[in-house]
Amino acid sequence: MTATLARLPAADTLRVATSGSVDDGKSTLIGRLLFDSKSLLADQLATVQRDTARRGASGVDLALLTDGLTAEREQGITIDVAYRYFATARRRFILADTPGHEQYTRNMVTGASQADLAIILVDARSGILPQTKRHAALVALLRIPHVALAVNKMDLVDFDRGVFERVRDDFLALTASLGFEGVTSIPLSALEGDMVVDRGEHLGWYQGPTLLEFLESVTTERRVTGPWRFPVQLVSRSRYGARNESRGYLGRIENGAVEVGDEIRVWPSGVTARIAQIVTLDGSLDIAGAGRSVSLILDRQVDVARGDLLTHAKQAPVVTDRFAARLAWLSPTPLDTRRAYLVKHGTAVVKARIAGVDDRLDIQTLQPIAGPATLGANDIGRVRVETARALPLDRYAEVRATGSFLLIDEATNATVAAGLVEELAHG
């Protein structure tokens, strides 16, 4: 695989999600990243300066760069997920500014679901709050590979080293049971700019990386080192002459890498073929890895449709209609085990029911409580799922894309939960 990685284009885009409680300073932090890295266009800066002046303040209110909705600016909070894009000389970034309010937890899950790295903000004055615990649990649940604990507003505690170390130690003790592979803790002031892009003048006792230095240094190789997974989004046909018809299978490589000549298998049919061509808007490739949108042409005609999953022939998923999953319940209407739901897995949608609820996470202690009757809004719990037909699944711990799904209300078509597969029933 090392040789394969060496032949892939550099994975130079990092997806980052911010999380934390209300007023911890997420929007200001992103604004500071954009401002100090000189990623703002002149008209964007002029608009924010004008809006800042209209509020009767001086300078630039950096939070206005991400609070794009009128309601957000009026209330001074983030409601929806706001995406921002910027680049440095070392890599590109996609930032998801997610809401801190508990009622908008579903938007936080949406923003964090594709992230390579999570920044969990904590106000140095208030320390760990209930919503910090909830977001830490969700970041662990989503198995986001890299975590940065950003202890913000250090300027309001006189840049006191003891305050930072107390918040850091509290967070690490609380999350010890969540299974984070590692946490990088950084003291900073988003308002003043210390330790965000530049080191500043007030945190000389801190010898670690600035936030941007950390973002530039983490690796994203994991997604291309696992089994190859390609959900088919669209089938296109091209005809060259009376007899020559070519079918392209379009989609995004969600995990792993594939190259011309590889033997692949189609799920759920199980038929096999070989990759004859990998086509992109920039031309044909010999090899393509996770995150790349491509059109695949096979060496022979086989039955492939939207919703099918392509894998390497020898890296099969488990095809099953029964599995255990961890749910983040997002709907104000509680889970009802007597009714049917829809499971959306990749591009496939299938009827399902929740056969039982095993436990619910206590947000205060981050420990599971066994035997709840149901799950309510913003609860996290383990359930058993039965689907009307078998799906090709992986455990989420092994492949995020094919180990996750959405649960949809069949009557309203609203998404009621995000699910992560934990155990698969064979046969």
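**Rings, helices and charged pairs**

Start with Phe164, Trp205 and Tyr206, which ring pairs link into a cluster. The model is predicted, so local features are taken up only where pLDDT is at least 70. Tyr206 also gives a way to Arg161. The two residues are 45 apart in sequence, yet their C-alpha atoms lie 8.2 Å from each other. Arg161 belongs to helix H7, residues 161-174. Its relative accessibility is 42%, so Arg161 counts as partly exposed.

The structure holds six aromatic pairs. One of them joins Phe86 and Phe93. Their ring centres are 4.8 Å apart and their planes meet at 15 degrees, so this pair is stacked. A stacked pair needs planes under 30 degrees apart. Phe86 is buried at 4% relative accessibility, and Phe93 is buried at 2%. Trp329 and Tyr341 make an edge-to-face pair, with 6.0 Å from centre to centre and 85 degrees between the planes. Trp329 sits in strand S17 (residues 318-329) and Tyr341 in strand S18 (residues 340-345), so the pair ties together parts that are twelve residues apart in sequence. Both Trp329 and Tyr341 are buried.

Now look at the loop between strand S2 (82-87) and strand S3 (92-97), where Arg91 lies.

Turn next to helix H6, residues 130-141. Its twelve residues reach 16 Å from first C-alpha to last, close to the 16 Å expected at 1.5 Å a residue. How many of the twelve residues of H6 are buried? Eleven are, so H6 is largely enclosed by the rest of the structure. Just after H6, Arg143 takes a positive phi of about 50 degrees.

The charged pairs come next. The count of salt bridges is 21. One of them joins the side chains of Asp36 and Arg32, at 3.1 Å from N to O. Both residues lie in helix H2 (residues 26-36), four residues apart, or about one turn of the helix. Asp36 is buried, with a relative accessible area of 15%. Arg32 is buried too, at 11%.

Arg168 and Asp169 form another salt bridge, with the closest N and O atoms 3.1 Å apart. Here the setting is partly exposed. Arg168 has a relative accessible area of 25%, and Asp169 has a relative accessibility of 39%.

Which parts of the chain does the salt bridge between Arg353 and Glu386 link? The side chains of Arg353 and Glu386 meet at 3.3 Å, N to O. This pair links distant parts of the chain, with Arg353 in strand S19 (residues 348-362) and Glu386 in strand S21 (residues 380-393), 33 residues apart. Arg353 is partly exposed, with a relative accessible area of 38%. Glu386 is also partly exposed, at 31%.

Salt bridges also join into a network. Its members are Arg326, Asp358, Asp359, Arg382, Arg384, Glu422 and Glu423.

Step back to the whole chain. The protein chain has nine helices and 23 strands. Of its 427 residues, 52% count as buried. Take the contacts between residues at least 6 apart in sequence: 69% of them join residues at least 24 apart. The accessible surface of the chain comes to about 19300 Å². Carbon and sulfur atoms account for 48% of that surface.

Conventions
Residues are numbered from 1 along each chain as its sequence is written. This is a predicted model: local features need pLDDT of at least 70, side-chain atom pairs count only at pLDDT 80 or more; totals for chains, interfaces and linings use all residues. Side-chain values use heavy atoms; hydrogens and water are left out. Helices (H or I, at least four residues) and strands (E, at least two) are DSSP runs, numbered from the N terminus. Buried means under 20% relative accessible area, exposed over 50%, partly exposed in between (1.4 Å probe, protein chains only). Contact means heavy atoms within 4.5 Å. Accessible areas come from the Shrake-Rupley method with a 1.4 Å probe; for residues, only the protein chains shown count as cover. A salt bridge is a side-chain nitrogen of Lys or Arg within 4 Å of a carboxyl oxygen of Asp or Glu. The expected span of a helix is 1.5 Å times one less than its number of residues. Rings of Phe, Tyr and Trp (its six-membered ring) pair if their centres lie within 6.5 Å; planes under 30 degrees apart count as stacked, over 60 as edge-to-face and the rest as tilted.
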